[in-house]
Amino acid sequence: MPAQFAVRKIRPADLDRVLEIERASFSVDAYDRNLFAEHLDASGDLFLAAERAGSIRGYLIARARGRRAELVSVAVDPAARGAGAASAMLESALRRLRARGVKRLFLTVKTTNLEARAFYAKYSFRCVRRAPRYYEDGSDGWRMARKV
Ligand SMILES: CC(C)(COP(=O)(O)OP(=O)(O)OC[C@H]1O[C@@H](n2cnc3c(N)ncnc32)[C@H](O)[C@@H]1OP(=O)(O)O)[C@@H](O)C(=O)NCCC(=O)NCCS
């Protein structure tokens with residue numbers, strides 16, 4: 001039986017835990033505290049946490065602009081992966097985006113990130129184009145999109 005996660009909006013006091021998950025998930029590509037603080041100000045109710053047993057297990061950030069939105073980042077504590085945390089956050093984000101009238105959700109993923117690509121494929125994201133040297137380490141990304 002899959003574990004249940006509660007999804008809620010991130011609060012300023014959650015940033016330490018978000019940074020912990022970030023550093024465990026993305027080495028050189030990890031966002032810093034300032035960037036998360038900006039997202040906290042700008043993303044409204046689209047900077048989400050997945051909680052289980054009173055502890056944050058993952059976060060997701062989306063940004064909406066008119067009828068389009070960007071899935072900026074999603075990460076789950078390595079110890080909590082494979083239990084539905086990212087799914088719960090994505091489903092919550094999609095409901096919130098629908099309520100705002102957003103029609104399409106875009107993202108970029110490293111071509112080598114097979115776990116994330118499997119996750120996005122399960123949620124019907126399709127590759128729209130390759131983004132050469134999109135990442136700081138020179139690696140390519142895939143731009144992906146789905147209907148909201
Ligand atoms: C990608 C990530 C967010 C998925 O989080 P998660 O909570 O483990 O995902 P879920 O448990 O909700 O998985 C949902 C589906 O995604 C796919 N999936 C997730 N992890 C997978 C893996 N390691 N291998 C293959 N498929 C995987 C499966 O289809 C899974 O469905 P299933 O459980 O019915 O098989 C997580 O692996 C992560 O934090 N990775 C590091 C950060 C990262 O790369 N983020 C994306 C940047 S673009």
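Let's start with the ligand: it sits in the largest pocket. A pocket here is an open set of points on a 1 Å grid over the protein atoms alone, where a 1.4 Å probe fits, with protein on both sides within 12 Å along at least five of seven lines.

A word on the source. This is a predicted model, where local features need pLDDT of at least 70 and side-chain atom pairs pLDDT 80 or more, while totals for chains, interfaces and linings use all residues. Residues are numbered from 1 along each chain as its sequence is written, and side-chain values use heavy atoms, with hydrogens and water left out.

Helices (H or I, at least four residues) and strands (E, at least two) are DSSP runs, numbered from the N terminus.

There are 21 residues around the ligand. Being around it takes a heavy atom within 4 Å. Val 74, Gly 82, Gly 84, Ser 87 and Asn 113 come nearest. By class, the shell has twelve nonpolar, six polar and three charged residues. Nonpolar covers Ala, Val, Leu, Ile, Met, Phe, Trp, Tyr, Cys and Pro; charged covers Asp, Glu, Lys and Arg; the others, Gly among them, are polar.

Next, the ligand's oxygen atoms. A polar side-chain atom of Asn 113 lies 2.6 Å from one oxygen. For Arg 81, a side-chain N or O atom is 3.3 Å from a ligand oxygen. Ala 83 uses its backbone: an N or O atom there lies 3.3 Å from a ligand oxygen. Taken alone, the ligand exposes 920 Å², and the protein buries 71% of that. Those areas come from the Shrake-Rupley method with a 1.4 Å probe.

On to Arg 143, in strand β7 (residues 141–147). Is Arg 143 buried or exposed? Buried, because its relative accessible area is 14%, and buried means under 20%, exposed over 50%, partly exposed in between (1.4 Å probe, protein chains only). Its side chain makes a polar contact of 2.7 Å with the side chain of Glu 70. Within protein, that is a donor and an acceptor, N or O, within 3.5 Å.

Last, Lys 103, in the loop between α3 and β5. Lys 103 is partly exposed, at 44% relative accessibility.

Conventions: 1 Å grid on protein atoms, 1.4 Å probe; cavity = no way out; pocket = protein on both sides within 12 Å on 5 of 7 lines; lining within 4 Å. Sits in = over half its atoms within 2 Å of the grid points.
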